[in-house]
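User: Could you walk me through this one and show which cut-off sits behind each label? I'd like to check the calls myself.

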Amino acid sequence: MRPEFERTYPHPVSLFFFIFPCLIFMSDPVDAGITEVFPQERIPYTGDFKPDGSRQNYLLNHGWRYLEQNIPLDEAANREVAAWQAIDLPHTWNRRDATDNEPGYRRDVGWYRCEIFIAEYSSPLIYRLAFEGVNISCEIFVNGQKAGSHVGGYVGFTVDITQFLERGKNNHILLRVDNSIDPQIIPSQKSDFVIFGGIVRDVWLQILPPVFIERAQIRTPLVNASQAKTRIEIVFENRLPEIQNISLSVSVNNPAGKTVGREKWSGLSRPGENAVTIEMPLLHDPQLWSPEEPNLYIAQITLKAGNYSDMVAERLGYRWYEFKAHGPFYLNGKRVLLRGTHRHEDYAGYGNAMPDSLHRKDMRMIKKMGANFVRLAHYPQDPEVYRACDELGLLVWDELPWCRGGVGDETWKANTRRLLKEQIVQNVNHPSIILWSLGNEIYWLPDFPGGGNVDSLRVFVGELNGLAHQLDPGRLTSMRKFYEGADIVDVFSPSIWSGWYSGVYKNYEQALNSSRENYQHFFHAEYGGSSHVGRHTEHPVTGEGLVKADEWAEKATMIDVANIANTGDWSENYIVDLFDWYLMVSEKLDWLAGNAQWAFKDFPTPLRPENPIPYMNQKGLVDRAGNPKDAYYVFKSRWTTEPKFCYIESHTWTERSGLPGQEREVCVFSNCDAVRLVLNRVDQGYRERDPEAYPAAGLSWHVLFAEGRNDLLAIGYAGGKQAARDSISVNYRMNRNDGPAELNLSSKELPNGNVLIEARVVDADGRLCLDFNERVYFAHNGAGELITAQGTPSGSDVIEFANGKAAIELIPAKGKAVIEARTQDFKGSYIVIEK
C-alpha cells in the first residue's frame, strides 16, 4: 500500500449549528446519545469559554496529531511529537489504501492526540467530549488516565472528562482507535463496502452546568390535518445533591417562529438522572412536514435549578404515514410514491471522513434529481445527513449496521442491541426518519458456528424488532433479504435485480406483482447495475436479454445474454435503458409503495478487484466525486418538473460509427412538455413527452449522421415556449476500425491548473478503437504527482478503457514529468510534460 498523498481541501462551512446533550449510562462514563440542539454556532475551541455556568459547545476538529502504529499506551503517550502527523478532523487512515491497487486495506490500530487548555474557574462545570463517530472501537485517555471507551462505529457517544482535567494547564487527550476485524462488532467484514478506521466525524467539547438536560425526546402520538399532540420526554441530570427544586419550561414555535404552545413543570430532583414527561397543549391546524413542504417546528426546553440554568432546542415535524396492506404508501393521508436511492458515506479523496459540506452536497443532489426517499446504507450516518433530510424533505430508511455475518454469541448480541438503542435514541427526533431497518442480508456468510441458523436468526430479529418498537412506538421497522423473517418486521424488501444479477429488465413488473402477493407491506430496495463512465455501444443488451452478435452486420443475429452482471459490457447505454424501463413501470403502478435505486454514488469495496475501476462498486448515478453519469438525468427527467432541462444522451459519447445509410438512435431526457431535435441545423421533429412511452418518455429520434462532425441541439418547450436547451457535437465515421495498433498519449491543461493525460488506442490508420475496453496501467516519474487511488474515471492509475479512451490527472510541478501508459497488449507509450 502506498504512502498517503497529501492534498489540501477547503475547510467546510456549516450553515446550521447545534450542540449535543446526551444519554449517560451511569455504570459507564461513556454515553451513547448525541441529540441535535438548536441554535449554536460551530465555534472552534481556543481555550476561552464563558465561566458563567451556561451550556457551551465548541468544535474540536483542529490541532490533532495522528500516529499510525499499533503500540501500547505508554509508548504512544511518550512518543515524541515529531513522530506524529499533524491533521484536522474528520480523519481516516483508509483515505487512499481502500482504493489503491493492493488487495485489502489497513484494519488495525491508530492513535490520535491533542491538547486542550482548561482555565481556572470556581463554578462546578461539567466537561465532556462528544464524538459523532469513531470507527469502529476506541479508548479515550485524559492526562494518562482512561476516561472512557466505545465499541461500534457509525453512532455518536460522549465521554465525561471532568474528573481527569487539570485547571490552568494544557490537558493531554489521547485516543486509541481500532478498526481491526472483529466478528463481535457489526457490520461483518464480509460486507461489500469499506469499514474505514479513524475519528471519521466531528468532535466537540461540551461545557455544561452541574444540573443539565441530557436529552429531550419528542413524541407526536396524534397527528392529523386539524390537530396534533406533542409529548416531550426530558431527561436531566443533577450533579449537586444540595439542589432539589427544579423547574422546566417548554415552548414550541412554528416554522415562522411564532410560539404556538407553552407548558411548565416543577418538582423535586434527586441526585443523578431524572426523567419528566410533559404533555403540550393540543396544536390546532399543524403545518405538516412532507417532501414538498418540510415544515419544521422548534421545541425549546429550559431548566432552572437554583442559580443554574440550561436550555436546549429540538426541531420536530408533524406527519403521519402508513404502508397499506399489499398496496401503496400514504403520508398525511395522501398517496406518495416513494422515489428513492441509497447513500453510502464516502467521497473521493476523503473516504468516509467527510466535511459537513460534502454530506449536504450529496443530499442536495439526491433531492434535486427528484428523490423523496433515501435508504442510508448500511449504517447510521453523520448527523448532518439527518439535518439535511429534515430540511430538504427526504424520507429516510435508517439502518442498523447488521450487514451479513449471521447471528453471533452473547457478546455479539449485547453489542448489537446496544448499537440499535444508541441509533434510535440519538436520531428519534428527526421527522424524516420513517423506518428503523434491522439489517441487510443478515443470514449471509455467517461469522460464528451456527450463525446462519434460521431459528436463531428469527429469534434475534424478533428481539430487535420488539426493542425498536419499545424505544420508538411511533415508527415502523424494516429489513431486506432475510426471507424467513419477512413476517417479523413491518416492511420488507426482497432482492429483485431483474436485468442485472438475474432475468431481464422487462420482467420487472412481473417481479413486483409477485412480491406484492408475497409480502403484506412490500417496498423494493436495491435495483440497477454498474456502468463505466464513457463506455457506450450502439446495440446494448435489450430488455429481453438479447444482444446483436456483430454491430456491423447488416442482418441482425441476436444472442442470449444469461447474466448481464458477469457478461454485459457495463455501458452507460444499457443502464440508462434499464433505469428508464424501471421508472416507466414504477410510475404507472398505482398500488406500488415505491422503490430505491442502488446506489446514488460509486463507492469503494474490497470485494471487487476486477471491476473497470478496481475496488469500486460502479452502480452509482454519479461517480465517486459526485459527477453525474447519464443515468442521473434519467431519474431527473422522470421525477422532477422544475427547473426545466434537456439532456442529450450522451455527453460522454462523442465518437460514434456505423454503416452508410444506417440510422442511429438519439434520446433526450427531459422534464419539458415537448422537445425538438435539430441535427446539423436540420429539424428532426417535435416530440411530445409521454411518461408511459419508452424509451425516454417518447423523446427519441432515429437520425442519419453525416461523416465527420455532427451538431445536435435539443430545444425543450413548456407551455408552448422554449424552456431549456442542450447541445453536443458527435464525430461520426462510416467505417469500422481495425484491430488496435498503437496507444497514443496527449495532454491538456485543466481549469484547476492540473494536466489531464488522455490515452487513446487507435488502429493502423489512426482510427479510435471504439471496441477497445481493456485495462491500462499509468505510471509516473519526475516532477509533479499523478492523482491516484481516488476511485474516479480520471483519478485511478489502473482502469479499463472506455471506447478506446482513458485518462488520468497530473498535479504538475516545476521540472520534467514522464507519464507512461501500458496494457497487456501494448508494452507502453509515454509523454513528457515540462513546466
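This is a predicted model: local features need pLDDT of at least 70, side-chain atom pairs count only at pLDDT 80 or more; totals for chains, interfaces and linings use all residues.

User: What makes arginine 480 and glutamate 441 a salt bridge?

Analyst: The rule asks for a side-chain nitrogen of Lys or Arg within 4 Å of a carboxyl oxygen of Asp or Glu. Here the N to O distance is 2.9 Å, so the pair qualifies under that rule. Helices (H or I, at least four residues) and strands (E, at least two) are DSSP runs, numbered from the N terminus. The two residues are both buried.

User: How many salt bridges does the rule give?

Analyst: The count comes to 50. There's also a network of them linking Arg315, Asp356, Arg360, Glu384, Arg387 and Glu391.

User: Why is aspartate 765 called exposed and arginine 767 buried?

Analyst: Buried means under 20% relative accessible area, exposed over 50%, and partly exposed in between (1.4 Å probe, protein chains only). Aspartate 765 has 57%, so it counts as exposed. Arginine 767 has 17%, so it is buried. Those two form a salt bridge as well, with the closest N and O atoms 3.4 Å apart.

User: And what makes arginine 676 and aspartate 683 partly exposed?

Analyst: Arginine 676 comes out at 24% and aspartate 683 at 42%, so both get the in-between label. They form a salt bridge too, at 2.7 Å between the closest N and O atoms.

User: How do you know that strand 41 and strand 44 pair?

Analyst: Two strands pair if DSSP finds at least two bridges between them. Strand 41 (residues 674-679) and strand 44 (residues 708-718) are joined by 6 bridges and run antiparallel, so they pass. Valine 675, for instance, stands opposite glycine 716 in strand 44. Strand 44 also pairs with strand 45 (residues 721-733), in the antiparallel sense, over 11 bridges. There, alanine 714 has aspartate 726 as its bridge partner in strand 45. The hairpin of strand 44 and strand 45 has 2 residues between the strands, and glycine 719 takes a positive phi near 60° in it.

User: Why are strand 46 and strand 49 said to stand at the edges?

Analyst: The open sheet has 4 strands in the order 46-47-51-49, with antiparallel pairing. Strand 46 (742-749) and strand 49 (785-786) each have a single partner strand, so one side of each is left without a neighbour in the sheet. Inside that order, strand 47 (residues 755-762) and strand 51 (residues 805-811) are joined by 6 bridges, with isoleucine 757 opposite isoleucine 808.

User: What makes isoleucine 833 a contact of isoleucine 757?

Analyst: Contact means heavy atoms within 4.5 Å. Leaving out residues up to four places away in sequence, isoleucine 833 touches Ser747, Val755, Ile757, Leu810, Gly815, Lys816, Ala817 and Ile819. Isoleucine 833 sits in strand 53 (residues 829-834) and has a relative accessible area of 11%, so it's buried.

User: How do you know that helix 8 is close to its expected span?

Analyst: The expected span is 1.5 Å times one less than the number of residues. Helix 8 (residues 572-588) has 17 residues and reaches 25 Å from its first C-alpha to its last, close to the expected 24 Å. Helix 8 is also mostly covered, with 15 of its 17 residues buried.

User: What makes a set of residues a nonpolar core?

Analyst: They must be buried Ala, Val, Leu, Ile, Met, Phe, Trp, Tyr and Cys residues joined through side-chain atoms within 4.5 Å. The largest such core has 117 residues, and those with the most contacts inside it are Trp402, Val461, Leu512, Phe579 and Leu712. Helix 8 gives the most to this core, with 10 residues. Apart from it lies another core of 35 residues, including Phe49 and Leu175.

Key:
Residues are numbered from 1 along each chain as its sequence is written. Side-chain values use heavy atoms; hydrogens and water are left out.
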